[in-house]
Amino acid sequence: MAESLIEIKRKIASTKKTSQITSAMQMVSGSKLNKSESSSRNFQRYSTKIREMVTHLAATQLETLENDFASGGSDDLNPDDYHSMLLSRPVKKTGYIVITADKGLAGGYNSSVIKQTLAMLSEDHESDDEYVMMAIGSAGAEFFKTRGMTIAYELRGLSDHPTFDEVRKIVKAAVQMYDNHVFDELYVCYNHHVNSLSSQFRAEKMLPVSDLDSSEAKTYELEYILEPNADAILDKLLPQYAESLIYGSILDAKTAEHAARMTAMKSATDNAKTIIDDLTISYNRARQAAITQEITEIVGGAAALE
């Protein structure tokens, strides 16, 4: 019984140490989550402004495309009259950027993205030749490589609060691959941050740019002086807009990762406390049984002497 008591005490001490670690990790993740949410809000201001500028410059093209699409005459479009990122083309290959974390301890964060991405690939494609994979995060990259899937571009080791400079290469590579017809449309697969307790898988179409609406174009009282011209500026601005959409998804995914890790560590801490309570009850019962046994032996010995 003495060994049993010692063993229980060791388990309680070990679980308490684990609880302290997970509690500290929960607080760290909570701090990172707050900062990440702030970064996402700040980025939204930039995203809103660049969308406003692009919509204003591309308003005429957008309106013509919408009218032609509504009238069913999209087959007669002259591609030279529109920016290539605004036009849909026959899809021979599809590009995917899959965003996961570089490490675990985040609950079902990584498995959710990977599982639903695989389901989407299985449903939409008959062979690996129909899509091009890119991966952000070690979890996704290693998983797809293990399954024999070719990764066209991968990025690992992102900081907890990634800057655009950190993701510039893969973002620009994705836009360049689209321009070079390596693939004909691009989706970003990631977990969207809903709140600190939940996230939602998303596969958002980034290219061609199809989320712009000509009705959103603003009419300004003063006419802009554009140098050299609106089309030249749009040629530079539209790729930046596409890059900002991808970067925004990365920020969103990182926020969801911090939230998932905070929730996982909170759950681990709560479970540790439950285990400690159960072990404490077991210890008290074992201790009480040992005392009762000793009293019984003493009484039995005293009775024998009589």
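**Figure 1. Overview of the chain.** Six helices and five strands make up the chain in this predicted model. From one end of the sequence to the other, these elements follow the pattern α-α-β-α-β-α-β-α-β-β-α. The chain has 306 residues, and 41% of them count as buried. When contacts between residues at least 6 apart in sequence are considered, 75% join residues at least 24 apart.

**Figure 2. Strand β4 and its two pairing partners, β1 and β5.** Strand β4 covers residues 185-195, while β1 covers 94-99 and β5 covers 198-207. β1 and β4 run parallel and are joined by five bridges. β4 and β5 run antiparallel, with nine bridges between them. In this pairing, Leu186 has Leu207 of β5 as its bridge partner. A hairpin is formed by β4 and β5, with two residues between the strands. Of the 11 residues of β4, nine are buried, so the strand is largely enclosed by the rest of the structure.

**Figure 3. The largest nonpolar core.** This core holds 46 residues, and those with the most contacts inside it are Ile97, Leu186, Leu238 and Ile246. The elements that each supply at least two of its residues are α1 (2-57), β1, β2 (131-136), α5 (164-179), β4, β5 and α6. Helix α6 gives the most, with 13 residues. Apart from this core lies another, of 15 residues, which include Met133, Met149, Cys189 and Phe201.

**Figure 4. Surroundings of Leu238.** Leu238 is among the residues with the most contacts inside the largest nonpolar core. Leaving out residues up to four places away in sequence, Leu238 touches Val54, His83, Met85, Leu86, Val209 and Leu212.

**Figure 5. The largest cavity and its lining.** The structure holds one cavity of 30 Å³ or more. The volume of the largest cavity is about 70 Å³. Its lining consists of Ile99, Thr100, Ala101, Asp102, Tyr109, Ile136, Gly137, Leu158, Ile250, Ala253, Lys254 and Glu257. Sorted by class, seven of the lining residues are nonpolar, two are polar and three are charged. Helix α6 (residues 230-305) gives the most to this lining, with four residues.

**Figure 6. Ser19 in helix α1.** Ser19 is a residue of helix α1. The relative accessible area of Ser19 is 8%, so this residue is buried. Not counting residues up to four places away in sequence, Ser19 touches Thr269, Ala272 and Lys273.

Figure 7. Helix α4 spans residues 138-146, and its residues Ser138, Gly140, Ala141 and Phe144 are buried. The cover over these buried residues includes strands β1, β2 and β3 (151-155), as well as helix α3 (109-124). Just after α4, Gly148 takes a positive phi of about 80°.

Terms used
Residues are numbered from 1 along each chain as its sequence is written. This is a predicted model: local features need pLDDT of at least 70, side-chain atom pairs count only at pLDDT 80 or more; totals for chains, interfaces and linings use all residues. Side-chain values use heavy atoms; hydrogens and water are left out. On a 1 Å grid over the protein atoms alone, a cavity is a set of points where a 1.4 Å probe fits but cannot get out, and a pocket is an open set with protein on both sides within 12 Å along at least five of seven lines; lining residues have an atom within 4 Å of a point. Grid points are joined across faces, edges and corners, and a volume is the space filled by probe spheres set on the points. Ala, Val, Leu, Ile, Met, Phe, Trp, Tyr, Cys and Pro count as nonpolar, Asp, Glu, Lys and Arg as charged, and the others, Gly among them, as polar. A nonpolar core is a set of buried Ala, Val, Leu, Ile, Met, Phe, Trp, Tyr and Cys residues joined through side-chain atoms within 4.5 Å. Buried means under 20% relative accessible area, exposed over 50%, partly exposed in between (1.4 Å probe, protein chains only). Contact means heavy atoms within 4.5 Å. Two strands pair if DSSP finds at least two bridges between them.
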